[in-house]
Amino acid sequence: MPSALDTNMRFKFSILALLLQVAIIVLFGIFVEYETDNQFQTLHPLFQDVHVMIFVGFGFLMTFLKKYGFSSVGINMLIAAFGLQWGTLMQGFWHMDAGKIFVHIESMINADFSTATALISFGAVLGKTSPVQMLILTILEITIFACNEHLVTKIFQATDVGASMTIHAFGAYFGLAASLVLYRPGLKNKHEDEESTYHSDLFAMIGTLFLWIFWPTFNSAIAAHDDRTKAIINTYYSLAASTVVTFALSSLVDQRGKFSMVLVQNATLAGGVAVGTCADLLTHPFAAMCIGAIAGIISVLGFHFLTPVLASKLNIHDTCGVHNLHGLPGVLGGIAGIVVTAIQSKNGKGVPHTPGMQAAALGSTIGIALVGGALTGAILKLPFLGQASDKNCFDDSIYWEVPEEEKLHAVHSNNYDEHSRFEATM
C-alpha cells in the first residue's frame, strides 16, 4: 500500500502539472504565432544536437546514484518538457512584436537553453526534492533566468555565445543557494543511498559522452554565421585539453593513483563550459586549449578539495557537484570573456563589447542567481509542498513504480524524524 506521502504527493503533483499545462496552452493560444524561418535547413541540425544534450546528456549524467536512476532521467525529462514551453513564453515576452511571440528554430534552441539552467540546479538538489518542488523551481528559475539574460545581452550588451555566465554559472549558483536554504541536518553524514554502483556510473558516462560530443554545437548554435566555425573549433579543442588534464590530475590526486569516475564524468566537460563566453571571439585554438586546461584543473581541484568544505563548513550539499562542473568553469568563462573583449572589442555581428560590461554581466548573473536561488529555496521549503523524509532521499521507490527485485527495503513513512538519522550517528 502506498504511504500517506505517496497519496498526498500524487494529488498535489497531478493537479499542479495539469493546471500548469492548461495555463501554458492558453498563453500559447493568446500570444504565440509561427514565423517563417529561412534558416530552418541551417539551424535544424543544431537544434537537434542541443535537444539531445538536454534530454539525453543531462538526464543520463545524473544517473550515478544507485537507486535514483528513474528520477534522474524521468524528472529531467519532465523539467525539460515543461521548461521549454515556459522558456518560450518568458524569453518571448522580452521580444514581442505587435503583442505576439513569434516562434522559429532559433527560439526553440533558446527555449532548450533556458531549461538547461533548471537542469543544472536540479543536479545540486538531486535526490532531496519532490517532483512538485522541481516544477516550482523550474517556473521560478526560468522566469528569473529570462530577466537576467535580457539584462546581460540587451542592457549590458555583453557577449556570452556559449552561455558560460547566463546558463552555467547562473544555474549552478541558483541551485547552490537553493540547496543551502533546503539544507537537511539529517543528511550531514552521508546517506547510505548517496552512492554509485559499477552500472550506475556506466550509465552516467553515457550522459557525459553525449554532452562531450555535442558541446561544440551548444556553444556555436546562436553564434553569428561567420563565427560559428570558430566557436565549434575552439570548443572542440578546449574539451580535448580539459579531458587530458582531468585524467592526469584524477590519477595524481588519488592516493592509489587510480582514475576517479566522478571526475571523468564531470571535469572532462569543464572545458566546454569555460570556453563558452568567448568561443566565437578566440582567433587561435591555442587560447581555447589553455582555457580548457585551466578549467579541467579547477574542476578536479574543486571536486577534491572544495566540495567537502562547502558541505562541512557552509552546509551546502551539492549532490552532483554542479559547482565544479558549471559554477567554477562558468566564472572562469566570464573572466576569459573580460580578457578577450579587452583585446577584441567586436564580435562577428559588429556589436561592440567592453571588459566593464562583461564584468558587470558576470557579477549581476552570480548575484541574481544567489538571491533568486535563496528565495526559491525558501518557497520550496514551505511545509504544504511536502517532500520525502531524510531516510527516503535518493530512492526512486518513493515516487516511482520500481521492479520488485530492485526494492531492497520498504519505503518509510514520511513521519520519520528528520533528525533521528543524524543523531543516531553521533
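## Helix packing and selected residues

Cysteine 290 is found in helix H11, which covers residues 285-313; helices (H or I, at least four residues) are DSSP runs, as are strands (E, at least two), and they are numbered from the N terminus. The model is predicted, so local features need pLDDT of at least 70 and side-chain atom pairs count only at pLDDT 80 or more, while totals for chains, interfaces and linings use all residues. Residues are numbered from 1 along each chain as its sequence is written, and side-chain values use heavy atoms, with hydrogens and water left out.

**Cysteine 290**

- Cysteine 290 counts as partly exposed because its relative accessibility is 32%; buried means under 20% relative accessible area, exposed over 50%, and partly exposed in between (1.4 Å probe, protein chains only).
- Between the C-alpha atoms of cysteine 290 and valine 275 there are 9.6 Å, and the two residues are 15 residues apart along the chain.

**H5 and its pairing with H6**

- Helix H5 has 25 residues and runs 35 Å from its first C-alpha to its last, close to the 36 Å expected at 1.5 Å a residue; the expected span is 1.5 Å times one less than the number of residues.
- Helix H5 (residues 131-155) packs against helix H6 (residues 164-181) at an angle of about 135°, and their axes are 11 Å apart. Axes are lines fitted to C-alpha atoms, for helices over the stretch in contact, and angles run from 0 to 180 degrees between N-to-C directions.
- H5 and H6 are therefore oblique to each other; under 35 degrees counts as roughly parallel, over 145 as roughly antiparallel, 65 to 115 as roughly perpendicular, and the rest as oblique.
- H5 and H6 cross in the right-handed sense, meaning that the near helix is turned clockwise from the far one by less than a right angle, with anticlockwise giving left-handed.
- On the H5 side the contact is made by Leu137, Glu141, Ile144, Phe145, Asn148 and Val152, and on the H6 side by Thr166, Ile167, Phe170, Gly171 and Phe174. Contact means heavy atoms within 4.5 Å.
- The contact of H5 with H6 has seven nonpolar, three polar and one charged residues. Nonpolar covers Ala, Val, Leu, Ile, Met, Phe, Trp, Tyr, Cys and Pro, charged covers Asp, Glu, Lys and Arg, and the others, Gly among them, count as polar.

- The crossing of H6 and H13 is right-handed, and their contact has 15 nonpolar, seven polar and no charged residues.
- Tyrosine 173 is placed in helix H6 and counts as buried, at 13% relative accessibility.
- Not counting residues up to four places away in sequence, tyrosine 173 touches His323, Gly327, Leu328, Val331, Ile366, Ala369 and Leu370.

**H7 with H8**

- The axes of helix H7 (residues 198-220) and helix H8 (residues 228-253) cross at roughly 140° and come within 8 Å; the crossing is right-handed.
- H7 contributes Trp212, Trp215, Pro216, Asn219 and Ser220 to the contact, and H8 contributes Arg228, Ala231, Ile232, Thr235, Tyr236, Leu239, Ala240 and Thr243.
- The residues of this H7 and H8 contact divide into eight nonpolar, four polar and one charged.

- Serine 114 lies in helix H4 (residues 105-124) and is buried, with a relative accessible area of 0%.
- Phenylalanine 58 belongs to helix H2 (residues 40-61) and is buried at a relative accessible area of 4%.
- Leaving aside neighbours within four places in sequence, phenylalanine 58 contacts Met53, Asn76, Ala116, Leu119, Ile120, Leu211 and His326.
- The C-alpha atoms of phenylalanine 58 and alanine 374 are separated by 23 Å, at 316 residues apart along the chain.

**Positive phi in loops**

- Most residues other than glycine have a negative phi.
- Glutamine 157, in the loop between H5 and H6, has a phi near 50°.
- Glutamine 157 is partly exposed, with a relative accessible area of 41%.
- Phenylalanine 394 has a positive phi of about 60° and lies in the loop between H13 and helix H14 (420-424).
- At 0% relative accessibility, phenylalanine 394 counts as buried.
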